[in-house]
Amino acid sequence: MRFSGLRVLREGLTGNRGWTAQWRDPEPQAEYDAVIIGGGGHGLSTAYYLAKNHGMTNIAVLEKGYLGGGNVGRNTTIVRGNYFLPGNSEFYSHSLKLWEGLSEELNYNVMFSQRGVITLFHSDAQRDASARRGNAMINQGDDAELLDRAGLRKLLPYLDYDNGRFPIHGGLLHRRGGTARHDAVAWGYARGADRRGVDLIQQCEVTGIDIENGRVRGVQTTRGAIRAKKVAIVTAGRSGQVAAMAGMRLPIESHVLQAFVSEGLKPVIDHVISFGMGHFYISQSDKGGVVFGGDLDFYASYAQRGNLPMMEHVMEAGMTLMPMIGKARVLRSWGGIMDMTPDGSPIIDKTETEGLFVDCGWCYGGFKAVPASGYALAHLMATGQQHETAAGFRLDRFRSGEGLMDEEATGSQHNLH
Ligand SMILES: Cc1cc2nc3c(=O)[nH]c(=O)nc-3n(C[C@H](O)[C@H](O)[C@H](O)COP(=O)(O)OP(=O)(O)OC[C@H]3O[C@@H](n4cnc5c(N)ncnc54)[C@H](O)[C@@H]3O)c2cc1C
């Protein structure tokens, strides 16, 4: 079924009896050409592009819970293409372009809202770094504008510009950045993959990876063994554990990241604001809730929930930036498990086991990467060659030290920045 305004009108006039399930609920088959472990944003988009771009339709996505129940449905939905380092910048630039046509591509309204992302700076040195990043973004073909204090005040009059510790000197505005509806992204890719014949199998946990003579043969699951010529591990915060089933030790440490939403408020914040020095960022959802978050917990964990010390830290940062936020009431908070690499950049690569691939290490920024990651992994799985936009995301950079992409210059332990 294609979605359209006409369809909505027709269903509205006929009692909404014509809507059908958006994807099938198939039983797992004994064998597939390819199996993708993980029904998050990256797994679903990989399945979609394998089917659409490469004609591979005898494939399955295996999800231990429900589609979109992981980080793809837990993030704060920020999409941006403001990366600095070659290797990252062309990849995120490609992703932003895919975002711009995504609703049409999927025939699914992902509610991509290019409201602009503003990254604040608080000193002359930070202004110089922002100017440099902006120039790199423009060189990449993306947009960037350096705003001084007066220019910023026109857009964001409600910030505290004279905070003693972090006085605001200006901001880097990236107009094509913004937010999207996270669930819709998962559902749109799921529906698109299903329509092309991909089996989406929920409540199916992968418990083992079968390897013979250095080649992957399939997976063991809670719903039986499934043979496959190609297997991709696309399990975000659980990547380390799933890769261990294939005898691999990934350079990944998993950490909790929390987020918060307030009660619905009248429109007040019409950009995404990033206050890096305070570990705080904020936007307002279309429903009116103010959505905000902060930093990782600085210890490794698989707990998919938040905790009070980080909550206090985030609230303090919010009050520092915009004291008016103290009047809003927090509705709820939640957490997701982040797959952190040492250099803060992701991995999309083959492994030493033939036919086995990994896509992980998205740290706290993998939502914006969903389209380009699936695009690149599908290309790699189908052709055996890295897609040009993801050529730098090699796994062996952590063994050799060559080609590390330390985007935020945080040293060898990005999770402790
Ligand atoms: C609070 C928070 C805020 C964030 N904010 C942003 C943001 O604003 N912008 C941005 O770009 N990024 C953001 N992120 C990061 C982004 O959400 C993630 O990097 C990205 O969603 C990870 O990829 P994914 O969608 O494939 O992961 P997931 O949705 O977690 O998918 C992985 C799936 O694998 C499944 N799985 C695991 N083990 C197995 C197994 N053994 N068998 C079968 N299935 C398995 C899981 O159940 C899960 O559904 C945020 C994350 C969080 C938690």
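I count a residue as buried if 20 or more other C-beta atoms lie within 10 Å of its own, as exposed if 12 or fewer do, and as partly exposed in between, with C-beta atoms placed from the backbone. Helices (H or I, at least four residues) and strands (E, at least two) are DSSP runs, numbered from the N terminus.

**Entry 1: the model.** I noted that this is a predicted model, in which local features need pLDDT of at least 70, side-chain atom pairs count only at pLDDT 80 or more, and totals for chains, interfaces and linings use all residues. Residues are numbered from 1 along each chain as its sequence is written.

**Entry 2: strand S6.** I looked up S6 and found that 5 of its 5 residues are buried, so S6 is largely enclosed by the rest of the structure. Both faces are covered: Gly170, Leu172 and His174 lie on one side, and Gly171 and Leu173 on the other.

I then checked the partners of S6; two strands pair if DSSP finds at least two bridges between them. S4 and S6 pair in the antiparallel sense over 5 bridges, and leucine 120 stands opposite glycine 171 in S6. S5 and S6 are also antiparallel, with 4 bridges. There the bridge partner of aspartate 148 is glycine 170.

At the S16 end, strand S12 (residues 253-264) and S16 pair in the antiparallel sense over 10 bridges. Serine 254 stands opposite aspartate 339 in S16.

**Entry 3: tyrosine 302.** I found tyrosine 302 in the loop between S15 and H9. Buried or exposed? Tyrosine 302 counts as exposed because it has 12 C-beta neighbours inside 10 Å. Leaving aside neighbours within four places in sequence, tyrosine 302 is in contact with Gly237, Ser254 and Ile337. Leucine 257 is 45 residues from tyrosine 302 in sequence and 11 Å from it in space, C-alpha to C-alpha.

**Entry 4: strand S2.** I turned to S2 (residues 59-62), where Ile59 and Val61 point one way, Ala60 and Leu62 point the other way, and all are buried. S1 (residues 31-37) runs parallel to S2 and is joined to it by 4 bridges. Isoleucine 37 stands opposite leucine 62 in S2. Between S1 and S2 the chain crosses through helix H2 (residues 41-54), and this β-α-β crossover is right-handed. Right-handed here means that, with the strands pointing away from the viewer, the path from the first strand over the helix to the second runs clockwise.

S2 also runs parallel to S8 (residues 199-201), with 3 bridges joining them. The bridge partner of valine 61 in S8 is leucine 200.

**Entry 5: domains.** I took the bounds from the domain assignment, which is an automatic or database one. It gives domain 1 (25-77 + 182-251 + 344-416) and domain 2 (114-179 + 253-340). Their centres, taken over C-alpha atoms, are separated by 29 Å. At the boundary, 18 residues of domain 1 are in contact with 17 residues of domain 2. The side of domain 1 that touches domain 2 has 6 nonpolar, 11 polar and 1 charged residues. In this scheme Ala, Val, Leu, Ile, Met, Phe, Trp, Tyr, Cys and Pro count as nonpolar, Asp, Glu, Lys and Arg as charged, and the others, Gly among them, as polar.

**Entry 6: positive phi.** I looked up asparagine 107, whose phi is near 50°, a positive value in a residue other than glycine. Asparagine 107 lies in the loop between H4 (102-106) and S4 (117-121), and counts as partly exposed with 14 C-beta neighbours inside 10 Å. Cysteine 363 also has phi near 50°. Cysteine 363 is in the loop between S18 (356-360) and H10 (370-383), and is buried, with 23 other C-beta atoms within 10 Å.

Methods
Contact = placed C-beta atoms within 7 Å.
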